[in-house]
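Hello,

Please find the structure below, as promised. My notes on what was found in it follow.

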Amino acid sequence: MNLLLVGGTGRSGTSLVYYRMILNDEVQGDKDFESMIFTKNNSLIDVYDVYINSYSPERLHHVCNRFKRQVYTKFSTKLPRHRLLRVQKILLPTRASEKVLPFERLVSVLDEFIQGLHDDRTAERPLLECFQIRSKILLEALFEFHADAHNILLEKTPHNVLVFHRIKKIFPHAKLLHIVRDPRAVAESVVRQNWGASSYKEAVDWVRLILDTWIMQYNKKEFDLSSCRCIRAEDLVTQYEQKENLIRQFTGEKLEKLTLKANPEALDWWRENISSDELDYATDTLKEIMQFFSYSPDIFNSTEQSLTTTFDKV
């Protein structure tokens with residue numbers, strides 16, 4: 001299993017790239033499904049931290065129970081409400097996903113994973129290697145990944161970018177496609193979401209925190225930079241063929257059905273929805289981020305941004 005992650009700030013174009021990727025035969029992914037298996041509270045990373053760095057039987061039992069509940073809500077949303085409440089003591093998500101496993105299968109998969117972790121505490125193999133093997137088996141089961149049919153397991157959760165350096169501890173060969181967009185445009189889009197910020201300035205600050213964290217990890221080389229590629233959404237307007245070939249080279253797959261051409265109209269209308277004061281605040285607050293990703297503060301058109309500025313970092 002080759003694990004490929006798609007991440008970025010929300011509303012940056014991660015869904016566009018993800019949907020176009022899963023059309024390819026080499027890639028397995030599930031439409032409209034973000035597992036959040038690495039990013040939510042009580043994630044697989046939290047289990048890793050306890051198992052490797054702060055183990056006790058009680059702590060492991062506690063974090064594993066919380067991890068199971070988190071996985072249940074994402075992978076078995078069709079479970080009858082009364083049974084979910086009785087077994088998990090949590091509510092169903094408000095929106096069902098297409099990724100649904102039978103509850104009995106989920107219980108079996110998770111119990112095997114957790115029991116295996118307990119058994120491995122006395123194994124001769126190093127604990128890190130044991131955890132990596134168990135986690136690989138777990139993901140293959142949860143996503144029903146079949147190596148004879150696909151080469152890549154694709155998982156899209158925007159905040160993968162914040163924890164990629166930690167994901168690499170569990171899946172050392174994992175790769176990441178980091179999708180970026182003019183952060184001023186991202187902030188405008190975030191405000192319009194029912195989960196988003198209450199004001200444009202608040203959204204700007206939210207975007208800044210996420211991308212500042214990424215840049216810090218990048219500059220400190222907290223992960224192997226060769227395992228990540230950054231793609232600007234604006235470049236998919238005029239340089240989409242180049243970016244398609246970049247992904248083919250990055251993954252080592254033909255991806256014959258891959259087409260990433262983006263509609264500039266969908267990327268450009270954000271400027272009309274913010275005031276001059278809001279634009280000034282965003283440009284000033286995000287200036288270092290824009291410089292890092294080679295965005296010109298005086299350009300609001302995706303075609304011009306793509307043609308006049310070149311982003312050459314991984």
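**Strands and their burial**

Strand 3 is covered on both faces: Ile152, Leu154 and Lys156 on one side are buried, and so are Leu153 and Glu155 on the other. Please keep in mind that this is a predicted model. With five of its five residues buried, strand 3 (residues 152-156) is largely enclosed by the rest of the structure.

Strand 3 has two pairings to look at. Strand 1 runs parallel to strand 3 and is joined to it by five bridges; within this pairing, Leu5 has Glu155 as its bridge partner. Strand 2 also runs parallel to strand 3, joined by two bridges, and here Val27 is partnered with Ile152.

Strand 5 (residues 228-232) is another case: four of its five residues are buried, so this strand too is largely enclosed by the rest of the structure. Strand 5 pairs with strand 4 (residues 175-180) in the parallel sense, over five bridges.

**Two helices**

Helix 8 (residues 183-191) is largely enclosed by the rest of the structure, because eight of its nine residues are buried. The buried residues are Pro183, Arg184, Ala185, Val186, Ala187, Glu188, Ser189 and Val190. What do they pack against? The partners are helix 9 (200-219), helix 13 (276-285) and helix 14 (287-292).

Buried residues in helix 3 include Leu60, Val63, Cys64, Phe67, Gln70, Val71 and Phe75.

**Cavities**

A search of the whole structure finds two cavities of 30 Å³ or more. The largest cavity holds about 50 Å³ of space. Its lining consists of Asp182, Glu234, Leu267, Asp268, Trp270, Ile299, Phe300, Asn301, Ser302 and Gln305. Helix 12 (264-268) and helix 15 (302-308) are the elements that give two or more residues to this lining. By class, the lining has four nonpolar, three polar and three charged residues.

The second largest cavity has a volume of about 30 Å³. Among the residues that line it are Ser35, Met36, Ile37, Asn42 and Ser43, together with Phe67, Gln70, Val71 and Phe75. Its lining is made up of five nonpolar, four polar and one charged residues.

Where does Ser43 sit? Ser43 is in the loop between strand 2 (27-28) and helix 2 (44-53). Is Ser43 buried or exposed? Its relative accessibility is 3%, and the cut-off for buried is under 20%, so Ser43 counts as buried. Leaving aside residues up to four places away in sequence, Ser43 touches Ile37, Phe38 and Phe67.

Regards

Technical notes. Residues are numbered from 1 along each chain as its sequence is written. This is a predicted model: local features need pLDDT of at least 70, side-chain atom pairs count only at pLDDT 80 or more; totals for chains, interfaces and linings use all residues. Side-chain values use heavy atoms; hydrogens and water are left out. Buried means under 20% relative accessible area, exposed over 50%, partly exposed in between (1.4 Å probe, protein chains only). Two strands pair if DSSP finds at least two bridges between them. Contact means heavy atoms within 4.5 Å. On a 1 Å grid over the protein atoms alone, a cavity is a set of points where a 1.4 Å probe fits but cannot get out, and a pocket is an open set with protein on both sides within 12 Å along at least five of seven lines; lining residues have an atom within 4 Å of a point. Grid points are joined across faces, edges and corners, and a volume is the space filled by probe spheres set on the points. Ala, Val, Leu, Ile, Met, Phe, Trp, Tyr, Cys and Pro count as nonpolar, Asp, Glu, Lys and Arg as charged, and the others, Gly among them, as polar.
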